[in-house]
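User: I am new to this structure and would like to learn how to read it. Could you walk me through it, one feature at a time?

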Amino acid sequence: MNQKIFIKTFGCQMNEYDSNRIYDIVKKIGFLKTDRYEEANCYLLNTCHIRDKAKEKVYHEIGRVKKIFRSKKKPLVIIAGCVAQAENQEMLKREPYIDLVIGPQSYHKINNTILNYIKIKNKIEETEFDAVSKFDYLSRIKNRSSKATSFLTIQEGCDKFCHFCVVPYTRGPEYSRPFNQILDEATHLVDSGAKEIILLGQNVNAYNYKKYKLSNLILEIEKLPNLKRIRYTTSHPNDMSADLIEVYRCSKKLMPLIHLPVQSGSNKILKLMNRKHNINEYLRTFDKLKQTNPHIEFSSDFIIGYPGEDEQDFKDTINLIKKVNFINSYSFIFSPRPGTAAENLALIDKKISMKRLEKIQSLLYENQIRANKSIENQTIDVLVENLTEDKTRAFGRSEYMTPVIFDGKEENIGKIVQVKIKKSNRNTLFGELINVSNKKVA
Ligand code: SAM
Ligand code: SF4
Ligand code: F3S
């Protein structure tokens, strides 16, 4: 079989990782990736269910595909990811253009599912939770990513059941991959050229395999000599354990930005959300981390307009943002999700939510602009990822994940270089290359 597959990915980094792994699998039955959807024989959408808009995008996208292929042979249309898991059979009924639906824990079955469909044209959905078989299978197929920075899923699923969130239903129960399986994949990624590994999990710091925790993994992975940076995301405040905090004192490669979503600054709302942490506990963790390593900075996610949020709750969120000084954050208006505990709660006025979102975003943006401005005229380490689209400059990231654009060349890709920052805006730092760092990393 010599077929072309177009993969479009929505949602979080785990979906990006999954899309790459799906490609590693379907390559085995002769699919080659294409960036030109018009020439695809197979159109795979890896979907996200986190907010209603994300789900609607999927049906919108299929409408687009239908139009593109109106006068051509219909491609095989596969829906993967969290909408596939949540809606399964429903998708096949709502949109007959879809051929196969495959949930995140069933990717190891994708080749059989495709081959079977080609043979007998039987539309099916595969949505069993079977994380063990999936990762066993994936560990036998090498992760082919050869980018300077690569994702590596170490944990999947969630047992926390925040009342607003679909993840426990779409990704299933918390599962930690075997320690050695992860080390093997990390070694392969570094041998293939990765200089940074971003460890992924819906609750990555809840990683727990036999006696091993996330702290053990970081300290083991950082022994790989050619690896320069380690990050992990997304953490839950309750799982920020003492051993993990301690790693920020001794690790040479763990980057000092922690994405630690708090969701709201109000204890009342956190309780209603079933977050199982309060603001004092969050701030205690913040203090401990800052005391361990004063260079650490924080980013967060916020849900605005959660049912029951009043002016005082909103002010509490504003006050928390001022206290912690998050350098980068995401904020969303609450979107009721089917099957979650908060699905049918009375919503607050949409206009009020919108106003609060605007207010919070302008405060978060001010923080971001100030943080970037404070770096102007400093020389910082940048891991170079690629060239800009017009190939005239290089693109990389600071230790805090901030995009940096500077006068680098192709030969800088995959290296840590020193860049003097001349200018900044909210999202990006602009600078000049000083020299290729020959700093030793342990
Ligand atoms: N596990 C992470 C945690 O506990 O913080 C969050 C993972 S979730 C994939 C990413 C973010 O989406 C959440 O932090 C939350 O802010 C947002 N989110 C989840 N459900 C949402 C909903 N129903 N409406 C709006 N935002 C939502
Ligand atoms: Fe969703 Fe809460 Fe689990 Fe995060 S901890 S994935 S927000 S249920
Ligand atoms: Fe979306 Fe699923 Fe990730 S719902 S945010 S793709 S875990």
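This is a predicted model: local features need pLDDT of at least 70, side-chain atom pairs count only at pLDDT 80 or more; totals for chains, interfaces and linings use all residues.

User: What radius of gyration does the chain have, and what would a compact globule have?

Analyst: A compact globule with 442 residues would have a radius of gyration near 22 Å, and the chain has 22 Å, so the two agree. Along its principal axes, the C-alpha trace spans about 60 × 55 × 45 Å. The chain holds 13 helices and 21 strands, and 55% of its residues count as buried.

User: How many of the contacts in the chain with a separation of 6 or more come from residues 24 or more positions apart?

Analyst: Such residues account for 72% of those contacts. One pair to look at is Ile304 and Ser331, which are 27 residues apart in sequence but 7.0 Å apart in space, C-alpha to C-alpha.

User: Is Ile304 buried or exposed?

Analyst: The cut-off for buried is under 20% relative accessible area. Ile304 has 1% relative accessibility, so it counts as buried. Ile304 belongs to strand E15 (residues 297-304). Beyond its neighbours within four places in sequence, Ile304 is in contact with residues including Phe332, Ile333, Phe334, Leu357 and Ile360.

User: Which residues touch the most other members of the largest nonpolar core?

Analyst: They are Leu199, Ile221 and Tyr232, in a core of 61 residues. Helix H7 (residues 179-191) gives the most to this core, with six residues. Another core, of 24 residues, lies apart from it, and among its members are Leu76, Ala80, Tyr107 and Phe135. To see how Tyr232 sits among other residues, look at its contacts beyond four places in sequence: they include Leu199, Val204, Met240, Tyr248 and Ile258.

User: How do I read the side chains of a strand?

Analyst: In a regular strand, side chains alternate between the two faces of the sheet. E19 pairs with strand E18 (residues 394-397) in the antiparallel sense over four bridges, and Ile405 of E19 is the bridge partner of Phe395. Five residues lie between the strands of this hairpin, where Met401 takes a positive phi near 75°.

User: Where else is phi positive in a residue other than glycine?

Analyst: Lys210 has a phi near 50° and lies in the loop between strands E11 (208-209) and E12 (212-213). With a relative accessible area of 66%, Lys210 is exposed. Asn325 has a phi near 60° and is found in the loop between helix H12 (311-324) and strand E16 (328-333). Its relative accessibility is 34%, so Asn325 counts as partly exposed.

User: Which peptide bond is cis?

Analyst: Look at the bond from Thr233 to Thr234, where omega is near 0°. Thr234 is in the loop between strand E13 (229-233) and helix H9 (242-250).

Note on methods
Residues are numbered from 1 along each chain as its sequence is written. Chains are lettered from A and ligands numbered from 1 in the order in which they are written. Side-chain values use heavy atoms; hydrogens and water are left out. A nonpolar core is a set of buried Ala, Val, Leu, Ile, Met, Phe, Trp, Tyr and Cys residues joined through side-chain atoms within 4.5 Å. Buried means under 20% relative accessible area, exposed over 50%, partly exposed in between (1.4 Å probe, protein chains only). Helices (H or I, at least four residues) and strands (E, at least two) are DSSP runs, numbered from the N terminus. Contact means heavy atoms within 4.5 Å. Two strands pair if DSSP finds at least two bridges between them. The radius of gyration is taken over C-alpha atoms; the globule rule is 2.2 Å times the number of residues to the power 0.38.
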